[in-house]
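Keep the 3D view open as you read.

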Amino acid sequence: MFVLCGLSFADSSMKLEPPDFIAKEEYKKIIDMRPLAVEFTKHYYRNFTMDDLSLINKRLPSQQELQCLADMNQLMSGLSSGNIWAIMMFDSWGLMPKGVLYGNSIDLGNYDECIAISKTISDNYKIKGKYCIANLPFKLLGLSTQTSVCFPASCSAKQINTFLGKLFEKLASYDNTEELVREIGCRTSDREPIDGLTIFTIILVSLLLAAVLLAMSYDYLCCENQKQLPVLVKIFSARANSRALFRLVQPNSNPNVIDCLYGMRCMSLLWVIYGHQYLFALLSPNMNKFRIKYWIENPYTSLILHAAFSVDTFFFLSGLLVIAIGLRSLEKTKGKLNVPLMYLHRYLRLTPILALAILMYMTLLPLFGDGPLFDSIKFDDYNHCKRTWFWTLLYMQNYASIDACINHSWYLGVDMQLYIISPIFLIALYKWGKRAAAGMIVLILLLSACLFSTMMIKKYPIQVENGVTPDLAQRRLYYATHVHAAPWLIGALFGYFVHVNRNKSFQLNWIAVCLGWLISLGLMFTVLFVLLPYVDFLNPHLSMLSEASYYTLARIAWPLSLCWVVFACMHGYGGLANSFLSSPLWQPLTKLSYSAYVFHIFIQQINGRRMRTNTFYSDYDVMLTFWGSFGFTLLLCYIIYIIMEAPFGVLEGLLLPNRRSTPKPVVSKEPQIQTTMEKFRTEQEFDTATDTNKSAGVDNQH
């Protein structure tokens, strides 16, 4: 296992480097091996008997074992007769992997050809194909090799193991101690029936879609005046919600909005999704695994290995916006803060989307993705949701259970926990100002010392080695809230600085501006590339002291560099960076950022499970896959936005009082509803740029 700043890679038992030397006898076993299907049919040319099952103590065979033997005899008979179904069963077998010395360790055969086999022998007797991934009893330079086999579905993995074991005993002196085939690696065309929860999810999504379609039809066909639409139609109107989504606001049009945060958030979100795409690429059946060693030592790869710093960007933005907006609100209300309303507003804005995601990952994901590597290429085991879904909805998943429901939602738990304690810092900064800020600086230093001490005492390295449990180190160094509190607090301090100096104009000479950019960029590049000379996939060179120092100081250096970027963009010293980050084109993506973070794994998981052939691993190929996944993610998020996020946001605005100002008296109820909905839609730009519940995170735990 290789872990760097939370991003984990392949099994350390796999020696991912090209060979310098290979024994002749070791490789001769492979090159002399003919196609496995040919060897199998040659070895089992006769009829299958009880002896082929290797029954312990010569016990009586079970009905299932007898059925397997009968089907195998039918298969061999059909092969001798030239029946197409029998030929297809062996035709779908994989071969010995080609290019083993280049890192190709698996041949996937033809999955669909195998499971499509359904031969009717009699009225109540069918033979169906069963596709299995089989381990080969050859390990070349520590690299386990696999191929695919196809047997009658009546045969269990244990019986297939026995058949293949006898074959390999003859071909390669196989000692029959290794499990060649596991039931979890086998698939047939049969699928489990749809359960009640899946039906509920389908009905729920269908009802939401139907409500949007009905509202849109009424909007377009029955009413020309938008102001005369019924309330429910307004809430679910796809036209009104899409208008709010794609409305662009020019930079500097609202003094309360920091325009460069649009681009900063979107770039971090892209970094998140791009980093996760590499995870699926590394888990794929790559034909050039030995090249990964050289890929890791490439400078460009540091941007992927350190993608975890995108999460610190989001925590920095959260702290900045909570404090800047909260202090402005406290000034308007003269120190009054409705804390329960803050919590309720945030919970209602986040939870419906997260609850829908839990349902979709649990029930709909298995219906969309199917392939030979269905259970191999996966980001998480969503069966855990049956036991731990409520911890996710309570935003305690990073502490409550090691089997989180949606693993990448750990960020939402950390951010919610920081949001819960944010009133303490808000009130302290409002009442005591600089003294409270000084106390927060001391707290940052104490938290950093705690992180450093934990790594040194517990010996938790950022490159997991020496038997340290990866999951334990991951949870202590990455999931823990106090680890990410420092970037959040630095953002909060900068938010206080922005609030105190909101009406002040800073006049800096070109030397100060250049120095600010040099320091900021220097910190960024140091954090990203300082470990490059020490990155070795097999033999890490860093001492524990060096690793702890880097991991602790990087948590501070990264958000400090962002402070200058935001400051420079706000006061006219951003140049090209400000033009890029403050572009109005980022605004629609910002409004979809929360849904994109929650659901992008859904699309990537579907693509990974559908994989049928070996892949070639390169940065360019990952980029091609990324843009396809990102496009479908945006399409899915747009649907989620118009059927749930926008309607629930309007309903929340109707049910809860305004957090930002005291409501003005109204003449009647209908104008109040109209004002509330229009206010929600026109202020969505403000919400997405300033409300921390639109932040997204990154999970690089794998």
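Start with helix H14 (residues 339-368) and helix H25 (residues 593-609): their axes come within 10 Å and cross at roughly 5 degrees. Axes here are lines fitted to C-alpha atoms, for helices over the stretch in contact, and angles run from 0 to 180 degrees between N-to-C directions. Helices (H or I, at least four residues) and strands (E, at least two) are DSSP runs, numbered from the N terminus. H14 and H25 are therefore roughly parallel to each other. The naming goes like this: under 35 degrees is roughly parallel, over 145 roughly antiparallel, 65 to 115 roughly perpendicular, and the rest oblique.

Before going on, a word about the source: this is a predicted model, where local features need pLDDT of at least 70, side-chain atom pairs count only at pLDDT 80 or more, and totals for chains, interfaces and linings use all residues. Residues are numbered from 1 along each chain as its sequence is written, and side-chain values use heavy atoms, with hydrogens and water left out.

Back to our pair. Among the residues that meet are Leu350, Ile353 and Leu354 in H14 and Val598, Phe599 and Ile601 in H25; contact means heavy atoms within 4.5 Å. By class, this contact has 16 nonpolar, three polar and two charged residues. Ala, Val, Leu, Ile, Met, Phe, Trp, Tyr, Cys and Pro count as nonpolar, Asp, Glu, Lys and Arg as charged, and the others, Gly among them, as polar.

Sorted by class, the contact of H10 with H13 has nine nonpolar, three polar and one charged residues.

What about helix H9 (residues 238-246) and helix H26 (residues 619-655)? They pack at an angle of about 105 degrees, axes 10 Å apart, and are therefore roughly perpendicular to each other. Leu245 and Phe246 of H9 are among the residues touching, as are Tyr638 and Ile642 of H26.

Next, look for disulfides, pairs of cysteine sulfur atoms within 2.5 Å. The whole structure has four. One of them joins Cys68 and Cys155, with sulfurs 2.0 Å apart. This pair links distant parts of the chain, 87 residues apart: Cys68 sits in helix H3 (residues 63-81), and Cys155 in the loop between strand S5 (143-152) and helix H6 (157-172).

Finally, there's pLDDT, the predictor's confidence in each residue, from 0 to 100. The protein chain averages 83, and 83% of the residues score at least 70.
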